[in-house]
Amino acid sequence: MTTTLPAYDEVVARYEPVIGLETHVELGTRTKMFCGCPTDFGGEPNTRVCPVCLGLPGSLPVANKAAIEATIRIGLALNCSIAEWCRFARKNYFYPDMPKNFQISQYDEPLCVDGYLDVEVNGETVRIGIERVHLEEDTGKTLHVGGATGRIHGATESLVDYNRAGIPLVEIVTKPIPGTGALAPEVARAYVTELRDVIRSLGVSDVRMEEGSLRCDVNTSLNLPGEEWGTRTETKNVNSLRSVERAVRSEMLRQASVLDAGGRITQETRHFHEDTGDTTPGRSKETATDYRYFPEPDLVPLAPDPAWVAELKAALPELPRVHRRRLQEQWGLSDLDMQSVLNAGAVELIEQTVAAGATPAAARKWWLGELSRRANETGRELADIGATPAQVAELQGLVDAGKLNDKLARVVLEGVVAGEGSPTEIMTNRNLEVVSDTGALTAAVDEAIAANAAIADKVRSGKVAAAGALVGAVMKSTQGQADAKTVRELILARLGVEG
Amino acid sequence: MSDLTTKTAVEIAALVAGGETSAVEVTQAHLDRIAAVDDRVHAFLHVDAEGALAAARAVDERRAAGEPLGPLAGVPVAVKDVLATKGVPTTVGSKILEGWRPPYDATIVERLRAAGTVMLGKTNMDEFAMGSSTEYSAYGPSRNPWDLSRIPGGSGGGSSAALAAYEAPLAIGSDTGGSIRQPGAVTGTVGAKPTYGGTSRYGLVAFSSSLDTPGPCARTVLDAALLHEAIGGHDPRDSTSIPQPVPDVVAAAKRGASGDLTGVKLGIVTEFSGEGAEPGVMAVFRDTVDTLTKLGAEIVEISCPHFTYALPAYYLIAPSECSSNLARFDGVRFGLRVGDDGNRSLEEVMSLTREAGFGPEVKRRIMIGTYALSSGYYDAYYGQAQKVRTLITRDFTAAFEQVDALISPTTPFVAFPIGARTSDPYQMYLADLFTIPTNLYGGPGISVPCGLSDGLPVGLQVMAPTMADDRMYRVAAALESAVGTFTPPAL
C-alpha cells in the first residue's frame, strides 16, 4: 500500500456508508438440484456426476423438491412473500467449470421476495430488508496444476471437478442498508451471523463458511451527508464472519481515501485478502458479461401450493432471536451478560454444553473465559477452537467430582484443544488427577510438618492462620494435584487443632 | 429387394410373432438393403449391424421361450442421429460431436429397446436439426429415393429417405419447425409430430427446447401410430413431459382406415391459401380436399391471422434457445477439441473448437439468438416473439372451437434439387412455412402422402389440438385408405 488510509473515526464523521450483502448458501439436500447425484462433501473428483450435472448433450434437468421446500422455508423465516408462480432462468456465460455454459438460476421471478431480518448490534435492533431469495445450481471447481501458485497463470493444465456442479445454492440478497454509520461493519457481521443462525435452525444447510457452504459478497459505498448514494463496489472472497466485518471496514477506508483525494469510485468487483485485510480490484462491471437471461425452457414454472406454503410456515422452528430470549431467561443472564455471550458467538456452544450436563454458569465460564481467550489469541472462531461442548461438560464434571481443581482443569483443557483426547483420557494419561488418596496425602502432610517444625508449633499453639505455609508446602510436594481444602483439614487434624 | 423390406411394420411383427420369419432374418434383409443402396441414398451416418443382430436374436429367443412379444417386436427402426444411444456414435450431423459415444440412452431409445424393435443405426440430418434438406449435415446430404438429385427434406431427411428407400420400415425423427413432417411430405412417407410433451425429450440433443418434439416416421399411418404409442407417454426425466397417457392413436388410425370421416369438421387456413406455394402442390391439395369431402368430412375455411408472423417469431425463439443450448459444445468434456497445444488459453481452445466444429447455418443461428437475447434487444426480439407465440396459440384455440382439425399442404414445394436453396437461407426457411405454427402452439401435426406433382410426392398436413393426436391419425388414415401409399421408382 502506498497511500496512507485515513482514520476510521474521521471517515465515519465525514461520510455515510451504505452496505448490502449477497449470500450464497449450499443446501444440505441429499441429492443435487436437477439430478439424483449425491451432494456429500469430499469424494474423488468426478465421482458424483451423471449426464445431467455434466451437461451432456440431450440431458435435461428435473427440479429437486426438497431444495424448493428448503428455499421457501428460508424465505418464510426471513419474512418474505412466497411467489405463487415463478420460473427458473438461464444465466449464460462461458466458464469451464460450468458444464452447460449456462447456470440455471432465477432472474426477474425469484421464489421469495421482500422480507426482513432483525439483528441486534450493541443492544439495538437493526432491521435488514431482504430483497429476494432465489434458487440456483452451483458450478464445478477448476484446479490449475503445473504452475507454482496453483493459479491459472503459469499453469500447464487445468483440471475440472464436477462433483459440486449442480448442488443447490440459495442466494439471499439484502436491500441496500443505509444509516448504520460507524456501525456498518458490525451490522454486516451481525447480519451474516444472524442469517447463518436462522438457516442452521432450519436444518437446511450446515452453513460453514470455511467449507464454502456459506459464501458472502459485500457491497459498500460512501456518500456525503445529504447527497445521493455513492458508487458501490462488490467485495468477494469474504470467507469468515470476522472477514465480513474487516472487508466492510477496509473498503470504507479505501473509498474514503479515494474520495478525499478527489477521485471517483469505480463500480467493480474487488477481492478481499484474508492475510492483509484489504481488497484489490477484480473484473470491472463496465466490461462485465451480458448474461442474456431468459426463462429456462427445460423446466416448467414453479407454482407452490399456498396451502403447502402455509403448512411450511406453521412448521417453522423457533427462530434464533426468540430462542435466545428464552435461553437468556433460563440461564438467568442480564442483557449485558447475554450480549457478551452473543458477541463471543457462544450461544449454541453454551446451550449444548448445558445439554451435556454442565450448569449454565459453568458452561458460560469456560466458553467466555479460557476458550474465548484462546480463540482471540489464535484468530479462530470459538466453534472451531477444538473443544466440543460435550468435552467442556465432561471437564466440568471432573471438577465437580473433585477429580480436578481449577488449575488442573485448565491444563486438561489445553490438552483437549490440542487434540489429545477426552478430558478423562488426558487427566489419566498425564496423571493430572487430584491426589485424594488420604494415605499418600497424610505422608506428604507428615513430611511437611517434620520439615517445618517451627511453623507446626505455631499452629499447635493456636495460630491457625500459619497453617497456610504448611498447605503450600504440601501443594508443592504434590505438584498441585491435591485439593487444598483437604490438605488444610488433614494438617489441622494432624496437629490436633480445631479448624 | 427382398420381400421383407417392402413390408409394413404391422406385417413384419405378425410374421415374426407367427414364426414365419425370424427377427434376425428381417434385420439381415434390411442390413443387406442398406448395404445395397445406402452409398447412393446416404440415409445413415452409422449402421450398427452387430447391435441390430444382437437385438434381433434377443427377440427370437424371447419368442422361442414363449414370452409375450409387443406389437412391434422384431421390427427394424432407424433412429435420427439427434437421440443419444448408449455406446453408439451420436453426432447430431455435426463435426463437433464426431466420435462421441454417449454413456446413456435417450428415453425414446430405451422404449424402442423395451418394445423389442431392432435399431439398425443412426440417420443423417441437418446439423443440430437446423435445416430443411440435410444439406447442412457435416457429413454430406442424403438423397431423395424419388430422385437422387433432389433433397429428401430436413432436418430428418435421413429417416424419411431410409423409409422411402426401404432400408427401414420405421424411423424416429424430431420436429422443431417441421423436421418430421416436411421430409415425410417430400419422400411420400408418413411423419407425425406429437403434442409437445407427449414424447420425452430426455436424450434428444436440444436445438430449441420449447419446440423440439421427437416423433414417429413410417410408410403407413397405422405403423406410425404403433410407433407413436411405443415411444410416447410421460417421462419423469423430462420436466416438460405431460403426465397423461398417450391418446389412443392406434385405435384412431384403425378407425380412420374405414374411410369414413362423417361428422368430422376440417378447417382450411385462409392464410395458407397458396401464396408462396407451388401451383402443383396447391392443385394436389385441392384434389385432396375434394377427396376428404367425399369421405364425409365437412370442410370450412378459417382465418388464423397471426400465422403470417409464425416464421419470423420462430426464427427468433429457436435461435435464441439454440444459442444457449449449444453453449455446452466447448471441447471441455466431450466431442471435438481444437487447438489444445499447451500454449493456448481455455477461452482460445473453446473458441477454436466452436469455430471448427460448427457449420455456417449453426453459427448463423447462434449469432441471431445471441443477439436476440442481448440486454437492450431482448424485449424487441425474444420478448416480442413470445407474444406472437401466444397470439398464434390463441388462433389455434379459437380455430379448434369451430373445427376438429386444420389441414394444409405440409410444405409449399416438392423436393427441390440439391443446391437450389442453400445460397439464400430465407428460401430454405420457407420450406417450413406451413409446419412452424404447430410447433409454436405445441399441438400435434401429421404429414400423410396425398398425391404427386410432376412425379414427386406431396403431403397433406393435419393439425389437431394439444393431446388430441388421435384426431389427426384418424383423418390421415382415412385419406390413406382413399389415395393409397406411394412407391418411388426402383433404385
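1. The phi of A:Val207 is positive, about 35 degrees, although the residue is not a glycine. A:Val207 is buried, with 20 other C-beta atoms within 10 Å. For reference, buried means 20 or more other C-beta atoms within 10 Å of a residue's own, exposed means 12 or fewer, and partly exposed is in between, with C-beta atoms placed from the backbone.

2. Some ground rules before going on. This is a predicted model, where local features need pLDDT of at least 70 and side-chain atom pairs count only at pLDDT 80 or more, while totals for chains, interfaces and linings use all residues. Residues are numbered from 1 along each chain as its sequence is written, and chains are lettered from A and ligands numbered from 1 in the order in which they are written.

3. On confidence, the model scores ipTM 0.96 and pTM 0.87. Chain B averages a pLDDT of 97, and 100% of its residues score at least 70; pLDDT is the predictor's confidence in each residue, from 0 to 100.

4. An unreviewed UniProt entry lists B:Lys80, B:Ser155 and B:Ser179 under "active site". These residues span 100 positions in sequence, yet no two of their C-alpha atoms are more than 10.7 Å apart, so they gather at one spot. Do keep in mind that UniProt positions follow the numbering used here, that feature names are shortened, and that annotations may be inferred rather than shown by experiment.

5. B:Lys80 belongs to strand β2 (residues 76-80) of chain B. B:Lys80 is buried, with 33 other C-beta atoms within 10 Å. Setting aside residues up to four places away in sequence, B:Lys80 touches several residues, among them B:Thr123, B:Met125, B:Gly156 and B:Ser174. Contact here means that the C-beta atoms of two residues, placed from the backbone, lie within 7 Å.

6. B:Ser155 is in the loop between β3 (118-123) and α6 (157-164) of chain B, and is buried, with 35 other C-beta atoms within 10 Å. Which other listed residue does B:Ser155 touch? Its contacts, not counting residues up to four places away in sequence, include B:Ser179, along with B:Met125 and B:Ala129. One backbone detail to look at is the peptide bond from B:Gly154 to B:Ser155, which is cis, with omega near 5 degrees.

7. B:Ala129, one of the contacts of B:Ser155, is found in the loop between β3 and α6 of chain B. The phi of B:Ala129 is near 65 degrees, a positive value in a residue other than glycine. B:Ala129 is buried, with 30 other C-beta atoms within 10 Å.

8. The unreviewed UniProt annotation "domain: Amidase" covers residues 25-471 of chain B. Over that stretch, the chain is 38% helix and 14% strand, and the end C-alpha atoms are 36 Å apart.

9. Helix α12 (residues 346-357) has 12 residues and reaches 16 Å from its first C-alpha to its last, close to the 16 Å expected at 1.5 Å a residue; the expected span is 1.5 Å times one less than the number of residues. In α12(B), B:Val349, B:Met350, B:Thr353, B:Arg354 and B:Gly357 are buried. Seen down the axis, these buried residues fall within an arc of 125 degrees, so they line one face of the helix; the arc is that of the directions from the helix axis to the C-beta atoms. On the other side, B:Glu347 and B:Glu355 are exposed.

10. Helix α17 (residues 469-483) of chain B has 15 residues and reaches 21 Å, close to the 21 Å expected. In α17(B), 12 of the 15 residues are buried, so it is largely enclosed by the rest of the structure. Just after α17(B), B:Gly484 takes a positive phi of about 80 degrees.

11. Finally, the contact between the chains takes 28 residues from chain A and 35 residues from chain B. On the chain A side, β3 (89-92) and β8 (157-161) each supply at least two residues.

Key
Helices (H or I, at least four residues) and strands (E, at least two) are DSSP runs, numbered from the N terminus.
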